[in-house]
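Please keep the sequence and the structure at hand while reading.

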Amino acid sequence: MKSSIWKRVIWTIGLFILLVLLVVVSWKLSSQTGTQSNQLSMRIADQMMDRLDKYFDLNRGDTFWEVTFNQLLRKATHFMEYAVIGSVMCIMLNVAFKRALPAAAVSVIVSPLFGFIDEYHQRFAPERTPRLLDIYIDTAGVLTGVILITVFFLVLNYIRKLKGRIKELEEIK
């Protein structure tokens, strides 16, 4: 019994450290100037286009590939970043308290606050502008991550309950 409690404590601490690291990386990226941030996303977009160009004939002079692809990549990154943050928080709370729905509720309330604070923080970075759209995208990412993790934990808990019930019935025989 004590062993399982310590495992939960260790996992919870590890997940908390991971969550803090994710938020710190997000904060650090938000501290970049607009030019630095755009250069980073353009490098990643160029690498992705290089890979896509191997299989599809891309017209890199097209406005989509020059501008829109980078913007879509930036928004998709917002979504994924907060899906991971929400997921890690939800997993951490599930491991700590073994309650899927309260863990989901707390994650859905707290995780978008990181996005809000992050956007507010961008006000103070040169050439950066906080955007309400990014907060919406962050929140959608959190909701997606939390829903997936919550469904996983609910199914896992249901399976555990069924296994326990099967064991009880076998002992009755």
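Ser107 counts as buried because its relative accessible area is 0%, where buried means under 20% relative accessible area, exposed over 50% and partly exposed in between, computed with a 1.4 Å probe and with protein chains only. The model is a predicted one, in which local features need pLDDT of at least 70 and side-chain atom pairs count only at pLDDT 80 or more, whereas totals for chains, interfaces and linings use all residues. Residues are numbered from 1 along each chain as its sequence is written, and side-chain values use heavy atoms, with hydrogens and water left out.

Ser107 belongs to helix 4, the helices being DSSP runs (H or I, at least four residues) that are numbered from the N terminus. When residues up to four places away in sequence are not counted, Ser107 touches Gly86, Met89, Cys90, Leu93, Pro112, Val142 and Val146, contact being defined as heavy atoms within 4.5 Å.

## Val88 in helix 3

Val88 is a residue of helix 3, and it counts as buried because its relative accessibility is 8%. Between Val88 and Ser107 there are 9.0 Å in space, C-alpha to C-alpha, although the two are 19 residues apart in sequence.

The contacts of Val88, leaving aside its neighbours within four places in sequence, are with Leu15, Leu18, Leu19 and Leu22.

## Salt bridges

How many salt bridges does a search of the whole structure find? The search finds 2, a salt bridge being a side-chain nitrogen of Lys or Arg within 4 Å of a carboxyl oxygen of Asp or Glu. One of them joins Asp134 to Lys75, with the closest N and O atoms 2.6 Å apart. This pair links distant parts of the chain, since Asp134 is in helix 5 (residues 132-172) and Lys75 is in helix 3, 59 residues apart. Asp134 counts as buried because its relative accessibility is 5%.

Another salt bridge is formed by Arg165 and Glu168, whose closest N and O atoms are 3.2 Å apart. Both residues lie in helix 5, where they are 3 residues apart, about one turn of the helix. Arg165 is partly exposed, with a relative accessible area of 44%, and Glu168 likewise counts as partly exposed, at 43% relative accessibility.

## Arg74 and Asp134

Arg74 also lies in helix 3, and it counts as partly exposed because its relative accessibility is 21%. The C-alpha atoms of Arg74 and Asp134 are separated by 9.7 Å, while the residues themselves are 60 residues apart along the chain.

Not counting residues up to four places away in sequence, Arg74 touches Ser37, Asn38 and Ser41.

## Loops and positive phi angles

Most residues other than glycine have a negative phi. Lys98, found in the loop between helix 3 and helix 4, has a positive phi near 55 degrees and is a residue other than glycine. Glu127 has a positive phi of about 65 degrees, although Glu127 is not a glycine either. Glu127 is placed in the loop between helix 4 and helix 5, and it counts as exposed because its relative accessibility is 56%.

Arg99 has its place in the loop between helix 3 (63-97) and helix 4 (100-122). With 54% relative accessibility, Arg99 counts as exposed, and its C-alpha is 22 Å from that of Thr139, a residue 40 positions apart from Arg99 in sequence.

## Surface patches

Lys98 and Arg99 take part, with Arg160 and Lys163, in a patch of positive charge on the surface. Patches are made of residues with over 30% relative accessible area and no salt bridge, like charges being joined within 9 Å and nonpolar side chains (Val, Leu, Ile, Met, Phe, Trp, Tyr) within 5 Å. Lys and Arg count as positive and Asp and Glu as negative, while His and the chain ends are not counted, and the place of a charge is taken as NZ of Lys, CZ of Arg, CG of Asp or CD of Glu.

A nonpolar patch on the surface is formed by Ile5, Trp6, Val9, Ile10, Ile13, Phe16, Ile17, Val20, Leu21 and Val24, which together have about 950 Å² of accessible area, computed by the Shrake-Rupley method with a 1.4 Å probe, and for residues only the protein chains shown count as cover. Val9, one of these residues, is found in helix 1 (residues 2-30) and is partly exposed, with a relative accessible area of 32%.

Terms used
Helix = DSSP H or I, 4+ residues; strand = E, 2+ residues; numbered from the N terminus.
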